[in-house]
Amino acid sequence: MTVDGEKSRCDSFNALSTSCFAFLFQKPAEDWFQTCCTEHECFLVDACIPAILLFSQKEEKWVLKECEEDKLLDFVCRFWDYVSEAVCHDCVSIFESLMNLHLTRCMSSGPLSLWAKNVGRFLTDLPSSCRGRYRCILAYNKIVASSSEVLTDDFCKEIYSSLSNSTLVTVVSELIAFDVVQNLDNSDRLQLHSHLLRASLQSPTKAICSAVQKRLLPEFSKNSLLLEWVLKELKIFQADSVYGTVSLETSLYIAKFCLFHQKGNGNVQEWTSFIDESVVISALLNATGQIRLMAWSLICDHPKLAASISSRQLLLYKCFLATNMTEQSPAVRLTILSDLKKILIRIRENGQNILKSGSDESELNPYVNFICWLRDLCFQNLVQYANFNRRIMALQMLEYLFLENYLANNDKDMFFKFLSSKLRPTEEQIYHVIRCLDDSYQICQISALRLLSSSFFEIRDFVSSYMFSESLNFASYFAETKQQLFSIRSLLTLTSSYRLRFYLKKNPDSLQSVFQCLLNLCKDRVKLISEDFLMIASNQGFVYSILSAVGVALEFLDFQSTVKNDWCVTLVNHDLLPVCFQVSELVSPVVNSMSPEGFVPDDHVNIIVDVKNSKKLKESADFCQALLASCWRSHKYVSAIFYIIITKWLGNSVLSSETVRCICNYYWRQLTECKHSGAVEASVEGFEALCAKLWSLSLAGIPEFADLPQPETWIKQITDLIDSKENMLCATRRSAGLPHLIASILTKEPVTNDAQCLKTTMISMLKNKGRSYKAQVHSINIMRAIFLNSRLSEAVLCYIEPAVNVCFACFGSNSWAVRSAASQLFAALINRMFGIPRSMQLSLHPHEKNRLSSFEFFTRFPSLYDLLHLQFYENEKCVSQLGMFAVLVLLIHLFPSPRHNIYSLATYVLPLLKFSVSCRSMKLRELSAATLISVCELQDAHFLLKWISNIDLISCTQNEICTIILMLLELAVAFDGCELRSCIKSVIRRVKNNKHFERWCDYNRFLFLTLLLKIRYQFTALFAEKFVLSDAVLVFRPLAKWIAREVEVTPLRLEFWRALSKSTTMKLTEIEMMQLAVQDIRNSGPFVQRCILTLLLNSTTTHSALFDTGFLKHFLHELMMTKQSNRHLANLLLIKLDHNEWCFDWLYSSAVNEDQKIQAIAVRALELLLKRGTPDIQLYKIIVVLLKSQNETIREKVAKLCSHMVNLKTASLNPEILFWWFVHYYPEIEEFISQCSNFDNNEHTRLFDACVLNPYTEAVPICSEHLSSVLQLIS
């Protein structure tokens, strides 16, 4: 309000000018939002904003001076490639505003000004490759499009080459699309774009091809005129694919792009209109999986969902599916199934239309035959010896046919009804699925059980004429399942549970008898264990498999009908629960022991067993392993049973309050006393369900459950117990189950509780001062679990700052356990503040996505700004430097924020510099140097270089010299390509001219030479000789790198061979160097020997005519007798020197080796042997073994080498096709494959099943009857 006689605040708007609104850039005041006069209720809304709008509509033009424009442009260029994307975006916005303001003045006075033209040339000629620059170029051309010259041809070539940069690809695509649109009437420019587009599609750089396909062409499709032009160009380009000038991947992509952008044709054309069928066939049967997948996706897709499918296309579908059932990658299998779904939907739509129109049903025959063929193919792939990939693929396809709604949905089921009678599987086929319940992979068991629940898989008489010699009914099936329960074998515990699920689904009336039978078995075994505990590790006494089966039976009990079924209530309360509690008591001494995994100290081993008696030692080890496994598995399944009971019956009258309290006590004991990590994790799921139920019952206020334990009281008990002197909690193993207990309670806390329990817990845990060391460890471990829990991620953000304070306080503790726990908590806090790293951090610098600007970070956590400064001062008084390590780790995750003056990182530069120079630890010195440079801006870097230039290097200690060189290394990387390089080189020249390095230690000389390599400093051989002749050993490696890059022939020693073997450009071609390598191979160690062997193998001139290889052959024969890994390279080199030197035993052992590198050596040997002439049957055996390698890359390489044997016109065939072909034409190979591995090992007495050496291989060729169809396609 205004006082009478005074002017109101809004009177200042009577004469509008920029000064009227200067107050808006000040701190807001209360009178802004109050009335200023009788006409304006709110000064800001009713007076100020209308005045701003009126002032903006005035005709007066506001322009910048040219000097101000230059300053703004300079600012944009300085910060448009800043690490923060927000800064880059602001720079582009400033540039757009700058150009619009300039053009406002320009257009009123005439044509485009010289300043604007110079800006355009400056932007295009600038060598910088950053996103901000290209954004500015795009903005400039859009703003001055009518009056500016077109972009130069050289610049167009530059932006096409920039497509390989993932950071630039989006803006570059927009820039290319804009230029094409602007030049649609310019035939020369369109011809250039056409040429560059074709070159990019065929570029050897995969990143460029991928960018064109995923970014550039989709960008073209956004504009109808552009789309028309690019489709025309692509069709012309595609015509060349018939002559083999275009790669398969490119041809397939272009065909699919044209298929889905044929809007002018009404989406009626098939893929055959855009690509030759022979090209697609060669791609469908190609050795490379990615090419096969692209071809499959092309022939399955169509813009119209109801497009018909020809018989020829159905044949191609069959050939692809038959030859790709063994795909290893889950992602590839999912892609194949996703495209199969499209086929099934198209068949459904076509079938529905045909039946609805009343057409001849014979038109449906191709579709019906294909579906039935697909069903039979799936069952063929479920035969014995089929590998996991084949089995899971077949089961998932069967789910698509029988369970999913792809062939029928609620509105369209006419075709499925027509098909149902023909689709029903035979009983023999159903038995294939039943056998999958005994699969070694749980995912296959789950899929098989889902299929067997379908009405299509009902069987009248459970008989298998080919699996067993006599009839097998459900009674005998259950008897066999019981026998599996009595086997200690781990696999049979899993399979018996799925067999029991199947049995109970088909025989629900048997549930009571089965449940009673299992409980009786449990009670008998528990009685036996009670008398002699060690019986739990024997075949007669272990109980975990029976407990697993009891859990399965519990799943089938309906909790709503249990009230009516008194038998169920009685069995659970009077039989099952007491047995579970008893088992828990029996196994608790083992799972709660200090070493539940069974690790025995070395000094106690001799007391327990006679180590000299190997047989007895093995028996004792096997028994101990069985005892430990049996105990913790029993505990695991008891927890699983309680979980089922809690989720189904807690809150029901079936369970009494006393029983619930006993279950609560069980979980309390497991999570406070148990020390076995697996047992603790098994208890967590049930305890979380228990907490959720107790919270909900507490909120409901039901009187019957009023006396149940409350989760918040458990929190109080734990906090009191931690501070108690009688604290018996486990202080090792990260406090064992205690953090899980607290985190489970807090994650299930109801929203209506407003996180009061979390608040109470965190306040208690953060009060660490004055606690005992043991209590501190527990509270820190609990906080760590809370911060790591993703479900509490938002709720705990307000506790990060005090938690960091706790960490720094504990880093100076005298207790190692406290310091260790604090470091683990700090690591969890780093992940919570900056996010979990996307990939492994291999350097001192975290990924850019895991860094924050100083403004953003300290705005969220303001108290940490002063806390980090405080650590630098307290470090001088502290002996341990763990706190400083944490400070450096935190600071290296930050980068300067130039848009804001507050929370500047420049204040940390001097403390970091002081600490780095005085640091005694090498690792900490490296981290401090990296941190120092990461927080520097350009002016700070200039300050550091000025300080280094003025320092007296003679008086510096070796540690200080090391710090200075590390700083220079970091500066060279962080400020690459700017004027700092010249300053760094001046420092180097000073060191070189004054010969300071002669007084430095070995490691500092090594760092100095590394710095020279980093900045590509040109130094002479005379300068390098001073290092070679010194006693410094570490300098040899960087020197060798320099020599390998700069010098052609130099007589060097071992480090040179290492550097040369890793070089991608230099090869061993000179005879003198090869002779020197042969001389050095004997006098070097295994690692250098491997480097020299690699060089000789990669050399194109390794031939006996060039030098005497007798010595080399003699040495290689000696090397082959050793067990070193180099013997594989030696064998390969012998084959290269003389084809007759190859050995079948070595080549076979290399082909079946698990190491991919050794298999790659076998492939190279095979390539050399195939080049010599006609291979024999022994070599065919090696080929077949490699075609069934577990590694896809190996299979593809071998397939490309051998495809010409099948058909000279075919350069690349699917490895599965080649495997069928070799087995078909060389029958002795099939016998060889079946003998290679022991496929029939089925011991039931082993606790753990042995790992398969190669899970991909198969004893027999499966689905090889489809070979003839495939050969007809490629003939």
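**The nonpolar core**

Modeller: The largest nonpolar core has 391 residues, and those with the most contacts inside it are Phe220, Trp296, Leu321, Ile645 and Met833. A nonpolar core is a set of buried Ala, Val, Leu, Ile, Met, Phe, Trp, Tyr and Cys residues joined through side-chain atoms within 4.5 Å. Buried means under 20% relative accessible area, exposed means over 50%, and partly exposed lies in between (1.4 Å probe, protein chains only).

This is a predicted model, in which local features need pLDDT of at least 70 and side-chain atom pairs count only at pLDDT 80 or more, while totals for chains, interfaces and linings use all residues. Residues are numbered from 1 along each chain as its sequence is written, and side-chain values use heavy atoms, with hydrogens and water left out.

Not counting residues up to four places away in sequence, Ile645 touches Leu554, Val572, Leu576, Leu577, Leu650, Leu655 and Ile663; contact here means heavy atoms within 4.5 Å.

Now for the protein as a whole. Buried residues make up 51% of its 1275 residues. There are 58 helices and 2 strands, both being DSSP runs numbered from the N terminus (H or I and at least four residues for helices, E and at least two for strands). Of the contacts with a separation of 6 or more, 71% are between residues 24 or more positions apart.

Charged residues also pair across the chain. Side chains of opposite charge can pair when their charged atoms come close. The structure holds 36 salt bridges, each a side-chain nitrogen of Lys or Arg within 4 Å of a carboxyl oxygen of Asp or Glu. In one of them, Arg390 pairs with Glu1216, with the closest N and O atoms 2.8 Å apart. This bridge links distant parts of the chain, since Arg390 is in helix α17 (residues 388–402) and Glu1216 is in helix α56 (residues 1215–1225), 826 residues apart. Arg390 counts as buried because its relative accessibility is 0%, and Glu1216 counts as buried because its value is 5%.

Another salt bridge joins Arg669 and Glu585 (2.6 Å, N to O). Here Arg669 belongs to helix α28 (residues 657–673) and Glu585 to helix α25 (residues 566–591), 84 residues apart. Arg669 is partly exposed, at 22% relative accessible area, and so is Glu585, at 46%.

The side chains of Glu1258 and Lys1188 meet in a further salt bridge (3.3 Å, N to O). Glu1258 sits in the loop between α57 (1227–1236) and α58 (1267–1274), and Lys1188 in the loop between α54 (1177–1187) and α55 (1192–1206), 70 residues apart. Both Glu1258 and Lys1188 are buried. Elsewhere, Lys256, Asp301, Asp339 and Lys342 are linked in a network of salt bridges.

That leaves the cysteines. A disulfide is a covalent bond between the sulfur atoms of two cysteines. Here it is taken as a pair of cysteine sulfur atoms within 2.5 Å, and a search of the whole structure finds 0 of them. Cys444 is buried, with a relative accessible area of 0%. For Cys1001, the closest cysteine sulfur is in Cys962, at 7.1 Å, so it is also too far for a bond. Cys1001 is partly exposed, with a relative accessible area of 31%.
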